[in-house]
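Trainee: Before we discuss the fold, could we look at the model together and settle the terms as we go?

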Amino acid sequence: MPSHRELVRFGAVVAARRSWLGLTRDQVHAAGGPADTTLARIENPTSTTAPPRARTLRRLDEGLRWSPGSAARTLAGGEPDPLDVESTEDSELSAAPNPLNFSKLEISVELVRGLLTTADAVYDVLTRRDLPEAWMPVAEKAADELASIIRKLSAAYATEVLERAGGPGRVLTPAVEMAYREHLSSSAQSADPEIAEEQLYRRWLAGKEQDLDEVTREAFVRRWQAKQRVLQARKS
């Protein structure tokens, strides 16, 4: 019998698929899926939620346009397969090309300005001959600020890779997970709300944060979908 954690993961995959298709629960039901109340329980399981029956799993395949057996396989820890009759856009967006195959990274102007300003400060300190002792705190502060900027750049790069390699219906390769494990840790939660949200988003992309509230999960799904469309547009 599936554990509660497995039911939570399964519910997150189902909810992400429904959001990706742009369907309400009623619409999934009209397409052959389970009743909206059943679907709500699947997407938001509690500690007392029973696992879906075989018939319900088959109806999920129908309503979510998965190939037969996908829901059962996903509940067991696997991944669903979209039907071949899906649109070309859906099929291309669900594919997972090499996540390291890109040459440009989008970062905020604020981050670039911070890097330039900090680099200038570090340069000014390091180019002074016979640096006075009184300048040491200034040098240390500049070095700390530069290290902070570098960490933010590294995090932005990790987010880009994880958006390409992870997300709903995808499983990270061991190599990618190992390379970016520093950015997937839940033990170093930032006190900065914006940075903390980015940390949570990266863990969600990697499949490590399934127990999210519905608002946060849907926001992450929309963000990930928007990124996939940008990537697809660049290829066309």
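Mentor: Let us begin with burial: a residue is called buried under 20% relative accessible area, exposed over 50%, and partly exposed in between, with a 1.4 Å probe and protein chains only. This is a predicted model, in which local features need pLDDT of at least 70 and side-chain atom pairs count only at pLDDT 80 or more, while totals for chains, interfaces and linings use all residues. Residues are numbered from 1 along each chain as its sequence is written, and side-chain values use heavy atoms, with hydrogens and water left out.

Trainee: Is Ile149 buried or exposed?

Mentor: Ile149 belongs to helix α8, where helices (H or I, at least four residues) and strands (E, at least two) are DSSP runs numbered from the N terminus. Because its relative accessibility is 9%, Ile149 counts as buried.

Trainee: Which residues does Ile149 touch, not counting those up to four places away in sequence?

Mentor: A contact means heavy atoms within 4.5 Å. With residues up to four places away in sequence left out, Ile149 touches Leu111, Gly114, Leu115 and Thr118.

Trainee: How many helices and strands does the chain have?

Mentor: Read along the sequence, the pattern is α-α-α-α-α-α-α-α-α-α-α. The secondary structure therefore comes to 11 helices and 0 strands, by the DSSP runs defined above.

Trainee: What share of the contacts between residues at least 6 apart in sequence joins residues at least 24 apart?

Mentor: As background on the chain, buried residues make up 36% of its 236 residues. Among the contacts between residues at least 6 apart in sequence, the share that joins residues at least 24 apart is 61%.

Trainee: Which helix gives the largest share of the lining of the largest pocket?

Mentor: On a 1 Å grid over the protein atoms alone, a pocket is an open set of points where a 1.4 Å probe fits, with protein on both sides within 12 Å along at least five of seven lines, and lining residues have an atom within 4 Å of a point. The largest pocket is lined by 32 residues, of which Lys152, Ala155, Ala156, Ile195 and Glu198 lie nearest its centre. At least two lining residues each come from α7, α8 (136-165), α10 (193-205) and α11 (214-235). The largest share, 10 residues, comes from α8.

Trainee: How much space lies in the largest pocket?

Mentor: Grid points are joined across faces, edges and corners, and the volume is the space filled by probe spheres set on the points. For the largest pocket, that space is about 1,000 Å³.

Trainee: Are Glu160 and Lys227, which meet in a salt bridge, buried or exposed?

Mentor: A salt bridge is a side-chain nitrogen of Lys or Arg within 4 Å of a carboxyl oxygen of Asp or Glu, and the side chains of Glu160 and Lys227 meet in one at 2.9 Å, N to O. The pair links distant parts of the chain, with Glu160 in helix α8 and Lys227 in helix α11, 67 residues apart. Because Glu160 has 4% relative accessibility and Lys227 has a relative accessible area of 10%, each of them counts as buried.

Trainee: Which helices hold Arg223 and Glu163?

Mentor: The side chains of Arg223 and Glu163 meet in a salt bridge of 3.8 Å, N to O. That pair ties together parts 60 residues apart in sequence, because Arg223 lies in helix α11 and Glu163 in helix α8. At 30% relative accessibility Arg223 counts as partly exposed, whereas Glu163, at 6%, counts as buried. The helices asked for are α11 for Arg223 and α8 for Glu163.

Trainee: How many salt bridges does a search of the whole structure find?

Mentor: One of them joins Arg73 to Asp81, with the closest N and O atoms 2.9 Å apart. Arg18, Arg25, Glu43 and Glu214 are linked in a network of salt bridges. The search of the whole structure finds 11.
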